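Please keep the viewer open while you read.

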Amino acid sequence: MASSLTCTGMIWALVSLLSAAASCVGFFMPYWLLGSQMDKPVSFGTFRRCSYPIRDEERQATIMLEQCGRYASFQGIPSMEWRICTVVTGVGCGLLLLVALTAVMGCCISELISRTIGRAAGGMQFLGGLLIGSGCALYPLGWDSEEVRQTCNNSSDQFELGSCQIGWAYYCTGAGATSALLLCTWLACFAGKKQKQYPY
């Protein structure tokens, strides 16, 4: 099989795939913010939550249902900042995934990635990383929502965690975005082979 990538391009394809995977896994998992409510562990993502209170009609009491799931609707996400974060981070993850899959195909298909296309792909990765980074920066603005305050002993506020802590998925998403912004964008400039000039 002929490749359209240089040796640097092969490294770029691998790092691109790892960056996209880290960002996408972190984005999808509901472990961005960790706390507790009614002595049960609670965690939040941008559009998902684990453990939530429900009314038990049989016992006439509020209990914690220990399950993970998405919010019932986009409007059900606790704050406007988290809604924006969901859209921005999702678009960024989509861009990183698109470029990563194209880069992997470039390992197997000749003349798929030229120097120009490699640089354009690097620009897309820079934009994707910037969008994800913006989403990570917006996320703490939603810590003052009622749901989060209940989980963090009513002591959380914007950029103040209270009794909660940041979870591994937030770091995973941010790490993927950072490697895309810094490493992948730079490697992409040297990823494609020079196109052959055909005399006509």
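At what angle do H3 and H5 pack, and how far apart are their axes? In this predicted model, the angle between H3 and H5 is about 155°, and their axes are 8 Å apart. An angle over 145 degrees counts as roughly antiparallel, so H3 is roughly antiparallel to H5. H3 passes H5 in a left-handed crossing.

On the H3 side of this contact you will find, among others, Gly118, Gly122, Phe126, Gly129 and Gly133. Their partners in H5 include Tyr170, Gly174, Ala177, Leu181 and Cys184. Sorted by class, the contact of H3 with H5 holds eleven nonpolar, eight polar and one charged residues.

Now turn to the other pair. The axes of H2 (residues 80-106) and H3 (residues 115-138) come within 8 Å and cross at roughly 155°. H2 and H3 are therefore roughly antiparallel to each other, and the crossing of H2 past H3 is left-handed. Among the H2 residues that meet H3 are Ile84, Val88, Val91, Leu95 and Val99, while H3 brings in Met124, Leu127, Leu131 and Leu138, among others. This contact of H2 with H3 has 15 nonpolar, seven polar and one charged residues.

The two pairs can be set out like this:

| Helix pair | Axis angle | Axis distance |
|---|---|---|
| H2 and H3 | roughly 155° | within 8 Å |
| H3 and H5 | about 155° | 8 Å |

Next, the nonpolar cores. The largest has 26 residues, and those with the most contacts inside it are Trp32, Leu33, Phe44, Trp82, Tyr139 and Val148. Helix H1 (7-28), strand E2 (40-44), H2, H3 and helix H5 (168-188) each supply at least two residues of this core. H2 gives the most, with five residues. Apart from this core lies another, of twelve residues, among them Val15, Ala103, Cys184 and Ala191.

Which residues does valine 148 touch, leaving aside those up to four places away in sequence? They are Leu33, Phe44, Trp82, Gly142, Trp143 and Ser156.

One more residue is worth a look: threonine 151, placed in helix H4 (residues 146-151). Is threonine 151 buried or exposed? Its relative accessible area is 0%, so threonine 151 is buried. Not counting residues up to four places away in sequence, threonine 151 touches Gly35, Ser36, Gln37, Val42, Phe44, Arg49, Ser163 and Cys164.

Conventions. Residues numbered from 1 in each chain as written. Predicted model: local features only at pLDDT ≥ 70, side-chain atom pairs only at ≥ 80, totals over all residues. Heavy atoms only, no water. Axes fitted to C-alpha atoms, helices over the stretch in contact; angles between N-to-C directions. Helix = DSSP H or I, 4+ residues; strand = E, 2+ residues; numbered from the N terminus. Parallel < 35°, antiparallel > 145°, perpendicular 65-115°, else oblique. Left-handed = near helix turned anticlockwise from the far one by under 90°. Contact = heavy atoms within 4.5 Å. Nonpolar A, V, L, I, M, F, W, Y, C, P; charged D, E, K, R; others polar. Core = buried A, V, L, I, M, F, W, Y, C linked by side-chain atoms within 4.5 Å. Buried < 20%, exposed > 50% of the residue type's maximum accessible area, 1.4 Å probe, protein only.
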